[in-house]
Amino acid sequence: MTGMWENVLLALNGLRSNKMRALLTMLGIIIGIGSVIGIMCVGDAVTGSVTDAMSSLGVNNITVAVQQRVVDLNSMEILTPEEDDLLTTDMLDALVEEVPGVLDYSISESAGSGQAKDGHKYANVSVTGVNGAYLSVNNVNLLTGRTITDRDMEGTKYVAVVSDFLVEKMFPGLSNRDALGQEVRVTLNDDIYNFTIVGVYENVDSPYAALLGTGSEADKRTDLYIPVTTSHRITGAEEGFTSATVTADVQMDSQTVANEAADFLNRYYADNQDFSVYTISMETMVSQMSSMLDTVSIAIAVIAGISLVVGGIGVMNIMLVSVTERTREIGTRKALGAPNSAIRVQFVVEAMIICLIGGVIGIIVGAVLGYAASNLLGFPALPSIGSIAIAVSFSLAIGVFFGYYPANKAAKLDPIEALRYE
Amino acid sequence: MQREAPARTIIRMRDIIKRFYIGTPNELQILNGISLDVREGEFLSIVGESGSGKSTLMNIIGALDRPTEGTYELDGVRVDEAKDDQLSKIRNGKIGFVFQTFNLIPRTSALKNVELPMLYAGVPAGKRTKRAKELLEMVEMTERMNHMPNELSGGQKQRVAIARAMANDPAIILADEPTGALDSRTGRLVMDLFHDLHDKHGKTIVLITHNYKLATETDRIVTISDGRIVPNREGGEEA
């Protein structure tokens, strides 16, 4: 194409001589591209922090759960697992023994939310029954003392592993080590229970606690871990669990181990009409979750992209004005021998330049806002090279699409009429 | 410019008829059978009142429009049969336009304006600039070659426009009232420039004007009235 560079210079020249108009025209593109880029950044940040949070639970973890075999779509009847349907510690012990790659399992059962209280001192807690492996499987960092042991379980002891936050609130002035052996009085479902502290773990705030606004720092709720047998006694629940977490050997493919674990456990459920066991590895869950979040953020970005169409119409409008203003110039160019194609290219290039500059400004604006917003989420993200490339080519495409009609109008002007135009 | 050998015919028009609004009740015939020959190196003027068909004839000579009937050959190329893109090529290569209102491209330097026809002809950038500078030197506009049109006086603009018309060394220069927007002194300078092009460079020039006095400076006057060529004083009706 002869003189493409000339066309670019010409377009820049035209824009320079009409700066305010050029800027207003670009604004639609700037807002459109900026919001898409910004949303992509925030989406990346959310995906990143969610997968990060999930991965911190251990990518080699496998969730084992009891699941209803068939849900009748007509009645939508949901069955509650009976005692016979639940996973037992015997089954899980056998699983660790028999299936290669299964190292350990952890079980947990919520006993409800309560409050530790001593005079005017208090701390909100979620009382959770766990087995010995729970803390290590879930990467809970024990600061001092010990975890829940099999003997605690067998003896249904009233012992607890508490957060350093609880220690700070209930025993101000006491070190974590000195808190061991202390009694903590917990009100749970209108009953009062005394637990002896045997361990203190490091409390880690969920990144979402701040977002969800769960109230003041002083009122935040931390986990208080007790033996699962004790939890059963408190709640009066059946022995057995609807779900458990299994740790797989990191050397092995966790999904393979998950499948083998499912096969093994389902032998116990061969005669069960209503329930079976399913397993899913954390790795699979993380990738499913992140692809779902990606889909959501792309969907939102596409919706934001609709504003680009509005921006494109703005470009088309101003290009039509420009063609009318420059009718005589177009006539002159045609008299000097410009073929229709040259005129068309000139105006399409001009529209593309407007959109390209708008797109680049939009990328910068979107990146700045997106970085700021994702920083608030604690997971600063910048637009990827890919999304920048897409944004640039998309704005160029808008230039071509919305510039073509005015350019074609210019190209098809009758030179005699155009030269005579006042 | 005197030539020994019989000069070549550059423009050959036969029975040119131009109608507008064809097939409607307003159908209008502007040109009623014009036949005109212009020899190479001739300086010709076409005069006529407004409404005589002078502008329509100019548009056809300039390959901006096609005749409804008749044949028109310009430098050996049939213009009446040409398609739009061929007309563009003819305008680009064979015709140099000079307009009453100069028609320089705004916000584009004198140099770039002169380069423009060469750009459309696909001349490489270096050659383009060299030729444009030569042409601007010829019209004595070298000092102002980087000026924008709005920084030039009327006479200067027209000189740049004449340099631009010469860019692709066209077969004819077609000048439409080139002094119409100028005062008499600068108009005189522009006319002198046309005489220069004619005498020194042997250019074929067609001057469209309603100023009879100006027309008398040229080799031959063709008068248009009611869409016909009026036999002139020397009695020489065009063949």
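A:Ala11 lies in helix α1 of chain A, where helices (H or I, at least four residues) and strands (E, at least two) are DSSP runs numbered from the N terminus. The model is a predicted one, in which local features need pLDDT of at least 70 and side-chain atom pairs count only at pLDDT 80 or more, while totals for chains, interfaces and linings use all residues. Residues are numbered from 1 along each chain as its sequence is written, and chains are lettered from A and ligands numbered from 1 in the order in which they are written.

A:Ala11 is buried because 22 other C-beta atoms lie within 10 Å; a residue counts as buried if 20 or more other C-beta atoms lie within 10 Å of its own, as exposed if 12 or fewer do, and as partly exposed in between, with C-beta atoms placed from the backbone. Leaving aside residues up to four places away in sequence, A:Ala11 touches A:Val349, A:Glu350 and A:Ile353, contact being defined by C-beta atoms, placed from the backbone, that lie within 7 Å. A:Met352 is 341 residues away from A:Ala11 along the chain, yet their C-alpha atoms are separated by 9.2 Å.

For chain A as a whole, 82% of the contacts with a separation of 6 or more are between residues 24 or more positions apart. The chain contains 15 helices and 11 strands, and 39% of its 422 residues count as buried. Its radius of gyration is 33 Å, whereas a compact globule of 422 residues would have one near 22 Å; the radius is taken over C-alpha atoms, and the globule rule is 2.2 Å times the number of residues to the power 0.38. The C-alpha trace spans about 105 × 55 × 45 Å along its principal axes. Chain A is assigned domain 1 (4-53 + 289-420) and domain 2 (61-282), with bounds that come from an automatic or database domain assignment. The centres of these two domains, taken over C-alpha atoms, are 54 Å apart.

The contact between the chains involves 17 residues from chain A and 21 residues from chain B. On the side of chain A that touches chain B, two or more residues come from each of α1 (4-16), α12 (327-335), α13 (340-376) and α15 (415-420). Of these, α12(A) gives the most, with four residues. That side of chain A is made up of seven nonpolar, seven polar and three charged residues; Ala, Val, Leu, Ile, Met, Phe, Trp, Tyr, Cys and Pro count as nonpolar, Asp, Glu, Lys and Arg as charged, and the others, Gly among them, as polar.

Helix α12(A) is mostly covered, with seven of its nine residues buried. Among them are A:Arg333 and A:Lys334. The buried residues pack against α13, α14 (385-411) and α15 of chain A, together with α2 (84-94) and β6 (95-98) of chain B. After α12(A) comes A:Gly337, which has a positive phi, near 110 degrees.

Chain B holds an open sheet of four strands in the order β2-β1-β4-β5, with antiparallel pairing; two strands pair if DSSP finds at least two bridges between them. The edge strands, β2 (28-39) and β5 (77-78), each pair on one side only. Strands β1 (residues 9-20) and β4 (residues 69-74) of chain B run antiparallel and are joined by five bridges, and B:Ile17 has B:Glu69 in β4(B) as its bridge partner.

Over residues 235-239 of chain B, pLDDT stays under 50. For the complex, the predictor gives an ipTM of 0.93 and a pTM of 0.73.

How values were computed
Contact = placed C-beta atoms within 7 Å. pLDDT = per-residue confidence, 0-100.
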